[in-house]
Number of protein chains: 2
Amino acid sequence: MIKIGIIGTSKISNQFVEAALKIESCSINMIYSRNYEKGKIFGEIYGVKNIVTSIEELGKSDLDMIYIASPNSIHFSQVIELLKAKKNILCEKPMGISEEEVNEMFRVAYENNVTLMEAMKNTFLPNFKAIQKNLYKIGEVRGFIGNFSQYSSRYTDLKNGDLTNIFDPKFGGGAHLDIGVYPLYFALRLFGIPKKTVGGNYILNSGVPGIGSIILEYKDMIANIFYSKITNSYIGSEIQGEKGSILIDSISNIKNIRIIYHDGSEEGITVPQLENSMIYELEAFLDLLKQKKVESDVNTWEISKNVIKIITK
Amino acid sequence: MIKIGIIGTSKISNQFVEAALKIESCSINMIYSRNYEKGKIFGEIYGVKNIVTSIEELGKSDLDMIYIASPNSIHFSQVIELLKAKKNILCEKPMGISEEEVNEMFRVAYENNVTLMEAMKNTFLPNFKAIQKNLYKIGEVRGFIGNFSQYSSRYTDLKNGDLTNIFDPKFGGGAHLDIGVYPLYFALRLFGIPKKTVGGNYILNSGVPGIGSIILEYKDMIANIFYSKITNSYIGSEIQGEKGSILIDSISNIKNIRIIYHDGSEEGITVPQLENSMIYELEAFLDLLKQKKVESDVNTWEISKNVIKIITK
């Protein structure tokens, strides 16, 4: 049985726990919250009684892995402390809020011989693998429009004077870190590390990007990353090849994918996928533990390092 | 009767002549081609007998206006010579192939008090005006994805070793000049001149961009220009506001536009539009002649200058 500890009690932690409970070999053994009452309420939903309020207790426990979904700016100190306590860690994206932080996190993971992976879920989805498998059909890939724009009700709050984590620079907020990393990670996983990047943002009054874009220049293609927390997008994303294009409904969940060829014909390439999209990343992480590998060969340390480097440039 | 002369005998000139013949006050009086036979064949289709092979003859004629659709690199010398001969000119996009060329063209037009307009058609379309009219409905505009990617059969030729004008740097070829100017012009007309731009291209063996992208950074929004002659796109373009987004099928013809609001409701805002999309720019140009105005207040000299400056940066 893999004993799991959880840091963070917001919505995404619920989704993670529900994913874990679908996997037979997993049990949720410990919940961390700075606020004991909040941790207790979260634990009660899933029958977890072991609530702790210090990271040290997580480190001293017999947990096999820890899932971290605290505010972005807090990841670094928690991950470093727990790596040093030899805990395997699945850390929500973005791992850290600067290139330096992320480099140091991987260095310490390597030094302590423990598994560390960024919880970017889209690269593990069956529909991501379907894209990889079918990519050859559209010929040489020349263009990518990776677009993730989702209006946040927190932006309404912000305009009403209420600053929440997601738009607060102190907590590593901003559209780039919260949402831009999805299409960027997608691109780096599928097309590799670009040779050059340029970008632009519209910075909100709180000091973080509300909407922005990055151009990735490759040797033989152009990828375009577009992200927003202050608008919605309805056109999806698109991989453009010399023989056809792959249309993708959502870059984070990838529920519907189809190819349109240059002769106008269409081919659906969607495969069945569980509703809870976090199961796949967790299964991949458990597989790393089983194999005693410190690094994923899907969400590699190189990709994680380059994503934070590019998005914060 | 407005007497029109035509430079260039390719497909776009056919479309222009057919637009002109739909307008009662217009007559096509002269065709210029370097190759007399080609000019004659073109003229025969429309009953035009006056074929000339030198620009000087166009200048000495009694034509009221000249429409120029020669290869991009030739626009400059032809426009300058004809402006000095006091001819009013509607010149296909891109007007020139460098900022210096375009600046000089407008200077000479001003000096000679003749009308000069860039034939960018999309800004005159009824559906462009429908976008302008309805733009307030989506709240503060924060994002624009202006995407025009159209595979050219000339690219197949290029890969087979046959270099045509469209991919030849000597003739001002390249996806940026041929197709990138459409979404860029659209953005500058709708949102104004950006404060900063960055971009990237994939350069073909012939030396011109095959696909590329530009980010326009405004004070309070981000616009993204994406263009390609070596791939197709099927997702269209999108203007993103804080209350909803406007989805645009084609940035050059704009035949279908609809708003999706944040509550999921949709509103079609398409208006009827003639199939020949060049009629509207010609009517606007004729109106300038009637009003004896040298510059359009839609396709302004400032926009034309900034488009070529940004796209060739």
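This dialogue walks through two interfaces in a predicted model.

Biologist: What should I know about the model before reading it?

Modeller: This is a predicted model, so local features need pLDDT of at least 70, side-chain atom pairs count only at pLDDT 80 or more, and totals for chains, interfaces and linings use all residues. Residues are numbered from 1 along each chain as its sequence is written, chains are lettered from A and ligands numbered from 1 in written order, and side-chain values use heavy atoms, without hydrogens and water.

Biologist: How many residues of chain B are in contact with chain A?

Modeller: Contact means heavy atoms within 4.5 Å. Here 45 residues of chain B touch 45 residues of chain A.

Biologist: What area do chain B and chain A bury between them?

Modeller: Buried area is the accessible area (1.4 Å probe) that two parts lose on being put together, summed over both. For chain B and chain A that is about 3300 Å², with 62% on carbon and sulfur atoms.

Biologist: How many salt bridges link chain B and chain A?

Modeller: A salt bridge puts a side-chain nitrogen of Lys or Arg within 4 Å of a carboxyl oxygen of Asp or Glu. The count is two. One of them joins Glu242(A) and Lys159(B), with the closest N and O atoms 2.3 Å apart.

Biologist: Which domains does chain A have?

Modeller: Domain bounds come from an automatic or database domain assignment. For chain A it gives domain 1 (2-119 + 278-295) and domain 2 (123-268). Their C-alpha centres lie 26 Å apart. Between these domains there is one salt bridge. Lys93(A) and Asp178(A) form a salt bridge too, at 3.9 Å from N to O.
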